[in-house]
Every structure is written in C-alpha cells, then in structure tokens.
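Hello,

Here is the structure we talked about. Please open it first, then read my notes below.

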Amino acid sequence: MRRRGAVRSVALGAAALVVSGLLGACSGSDGGGGAPKLRGEITFGVLAPLSGDLAERGQDLVDGAQLAAAELNDQGGVLGRQVKIVVEDGGCTPATGAQGATGLAAKKVVGVVGGLCEDAALAAAKAAAGTPFLVSSARADRLIEAKVPSAFPMEATVYQEALAAVHWMAYRSAQQVAVLDDGSPAAQRLSGLVTDRLKADDLPVSRQSTDGPELAKLAGTVTAAKADFVYWTGAAQPGGRLVSALRQAGYTGNFMASSASDSPEFLQAAGGAAEDAFLTTAAGPKLLPTAADWTARFKDRYRRDPGRDAMQAYDALRALAQAVRQAGDTAPSKVVDNIPRLEDFTTFTGVLRFAADHSLTYDNYVIAQVRGGTFTLASKLRTD
C-alpha cells in the first residue's frame with residue numbers, strides 16, 4: 001500500500017508541476033519560483049501635506065500607502081501590472097488641496113488615497129471629481145455633505161461618534177448624564193447630538209458649555225447634581241483638567257472624553273485622575289491587536305512605529321486595488337462603481353462598506369480606557 005501511495009504521489013506531483021508550469025507561462029513567471037513578472041504599471045496617487053506642522057503625519061500617510069503598494073506587488077500586482085505610487089503635496093488649505101489633486105489627475109492616476117486636512121481634502125475631491133478618491137484621514141461630514149460622487153471618506157461622521165458614546169453610556173448603565181463642552185463649534189455639535197440621542201432614549205441628561213476658568217466650579221455642579229456619567233466633548237487639555245477637578249470634588253462616576261482628547265495633552269493635564277477614564281476615538285494601530293503583525297512589518301521597513309494615518313492609507317490603497325480587480329478595468333467610472341460594493345474586504349477594524357451617501361456603514365470608533373497612564377482598548381464596538 002505504501003509503494004502504491006508513493007507512486008501515486010509522484011504522479012500527482014508531476015501533474016502539479018505541469019499545471020504550475022502552464023500557469024507560470026500564462027502569468028509571466030520567470031520559472032525560478034519567484035514572484036510572477038509584472039507587465040506594465042498601474043499608478044495610484046497619494047495626497048498628503050509634506051511640509052509645515054503636519055509634515056510628519058503626511059509622511060506617515062505616504063509610508064502606509066507605499067507599504068501597501070510594495071505588498072501588492074509581492075502578491076502579483078493588480079491585474080498583472082506593477083503598482084506604482086506618485087505623491088503630491090496636498091497641504092492643508094483648499095488651494096493646496098486642489099492644486100495637488102490637479103497634479104495627480106494630470107499624471108493619469110487610476111485613483112487617489114490620502115487627504116488629511118478637511119478643507120484640503122474637500123477641495124481636492126472637487127478638483128479631481130471623477131477620479132476615485134478614498135479620503136483616508138480627513139473627517140467625513142463635509143465630504144459627505146458635498147456629495148462628490150467619486151469621493152469616499154474612510155473616517156466616520158460626528159453623528160457616528162455620538163452614537164458610539166451613547167452606546168457606551170448604555171453599556172455602563174448610566175442613570176444621570178452630564179454632557180459638557182468648551183463652547184467651540186465642533187464640541188457643541190457633538191454635545192448637542194449626544195444630548196438629543198440621550199433624550200430620545202429617555203435618559204436624564206444635562207448639558208453645559210464652559211471655558212477654562214469655570215472648570216472647578218463646573219465640577220462641583222456636576223457632583224451636586226449626582227451625575228454618574230460625564231461626557232466631555234471639548235479640547236484635550238481642559239478635558240484633562242476637568243477630570244482632575246471632578247475627582248478632587250469627590251466625583252466617583254464614569255468620565256469619558258471625545259476623540260478631541262486622544263492626545264498626550266489630556267493625560268498630562270489630568271495626571272493620576274485620568275486613570276480609568278474612557279475615550280471615544282477612531283481606532284489606531286496602538287489600540288488594535290489585529291494590527292500587530294502589520295505594525296511589525298511597517299517598523300521593519302521604516303524603523304519606526306506607524307501612526308493612524310499610515311494604517312488608514314494602507315487600507316485605502318488596498319481597497320482601491322480591490323475595486324480595480326473587481327472592475328477588471330482601470331476606467332475611473334468602473335472603479336468608482338465598485339468601491340461601494342467591495343466583496344469581503346476587511347480593514348484592521350472590520351468589514352469596509354459604504355452607505356448610499358458614501359459614509360461608512362460600519363464606523364471605526366472604539367472605546368479606549370486609560371490604564372497605567374496610557375490609552376488601552378476597552379471595547380471594539382460598532383454602530384450603524
């Protein structure tokens with residue numbers, strides 16, 4: 001029996017070699033067992049700020065896209081062609097964003113990833129209308145409101161952050177919520193959405209705006225009102241001072257801040273009072289166990305840890321490549337048509353799917369918690 005099995009194995013092995021040789025010939029393999037030879041190029045554009053205060057984040061974004069391109073080429077490219085990346089400085093203003101997008105369009109890119117600043121990303125989307133554009137880092141709201149058919153934000157909306165916050169309040173069995181902001185337009189918008197959602201759920205809630213000098217007084221008011229859950233939607237530094245003031249005033253309930261406090265400034269201002277505080281924030285590689293292997297590959301290539309912009313750009317370029325494969329073509333209109341119906345495509349946070357208005361069907365918000373003076377993952381939740 002063993003001898004017949006051995007003969008059969010040899011026969012099957014020979015057949016496999018023949019099939020392998022035929023496949024290699026069809027794919028352009030060099031026959032040496034290496035990666036298939038790629039014939040021609042397919043060019044994607046990357047738009048990122050490359051100078052000024054955000055240059056470091058811009059380079060992080062570019063590096064994430066470059067890593068995705070390198071890995072795609074190692075896996076056989078896209079439609080049998082080598083993936084090439086061209087980069088334009090999108091800056092952080094409408095003028096620089098439009099100029100960068102126009103430059104990429106002139107280079108006949110199949111699609112674009114990137115966009116870090118909201119104003120620049122919106123102007124770029126309009127300037128490059130018709131070119132598939134996965135906006136990897138800029139906030140989604142204004143892009144969605146602009147209704148550019150070829151633009152798809154990879155970030156969630158303010159409303160989705162509000163839903164994430166309310167979901168966590170319910171999970172923590174909140175009975176009396178105090179929603180606080182610093183009076184800025186962005187903070188007030190989020191605090192208003194959260195308050196409206198809580199009222200719709202018949203949960204007792206109070207809402208107040210305050211500036212820096214009033215934080216200590218506000219802490220006493222919250223404690224006196226017997227709130228058991230506080231949600232801060234303002235800037236990071238005053239948020240840290242607020243939780244410190246609350247703890248000093250004897251508050252023992254839950255404290256949560258919005259994504260605006262996802263910063264070392266929050267931890268520094270709060271000191272030890274930050275321990276166990278929660279945060280609604282968009283997921284990054286440091287919070288995602290699913291990104292550990294990718295983080296190691298990135299660090300091996302660039303000798304530094306990746307930031308969130310790198311992770312988003314990496315996923316965005318892979319998603320564009322998948323849309324091209326599904327289309328079987330590089331025609332912009334065909335690629336755009338396939339982006340909303342990516343098949344079984346997952347990012348580090350889960351399935352990537354876009355709603356009819358191009359917002360994320362499954363947002364990328366998670367709940368972080370301060371443990372040992374650093375942000376850790378408390379819950380990888382989803383809201384629709």
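**The largest pocket**

The largest pocket is lined by 50 residues, and nearest its centre lie Arg 57, Ser 259, Asp 262, Thr 281 and Arg 308. A pocket is an open set of points on a 1 Å grid over the protein atoms alone, where a 1.4 Å probe fits, with protein on both sides within 12 Å along at least five of seven lines; lining residues have an atom within 4 Å of a point. This is a predicted model: local features need pLDDT of at least 70, side-chain atom pairs count only at pLDDT 80 or more, and totals for chains, interfaces and linings use all residues. Residues are numbered from 1 along each chain as its sequence is written, and side-chain values use heavy atoms, without hydrogens and water.

The lining has 20 nonpolar, twelve polar and 18 charged residues. Here Asp, Glu, Lys and Arg count as charged; Ala, Val, Leu, Ile, Met, Phe, Trp, Tyr, Cys and Pro count as nonpolar; the others, Gly among them, are polar. Helix H7 (residues 185–200) gives the most to this lining, with five residues.

**The sheet**

Seven strands form an open sheet with mixed pairing, in the order E7-E6-E8-E9-E10-E13-E14. Helices (H or I, at least four residues) and strands (E, at least two) are DSSP runs, numbered from the N terminus. Two strands pair if DSSP finds at least two bridges between them. The edge strands, E7 (205–209) and E14 (374–379), each pair on one side only.

Look next at E6 (residues 177–181) and E8 (residues 229–232), which pair in the parallel sense over four bridges. Val 177 stands opposite Phe 229 in E8.

Best wishes
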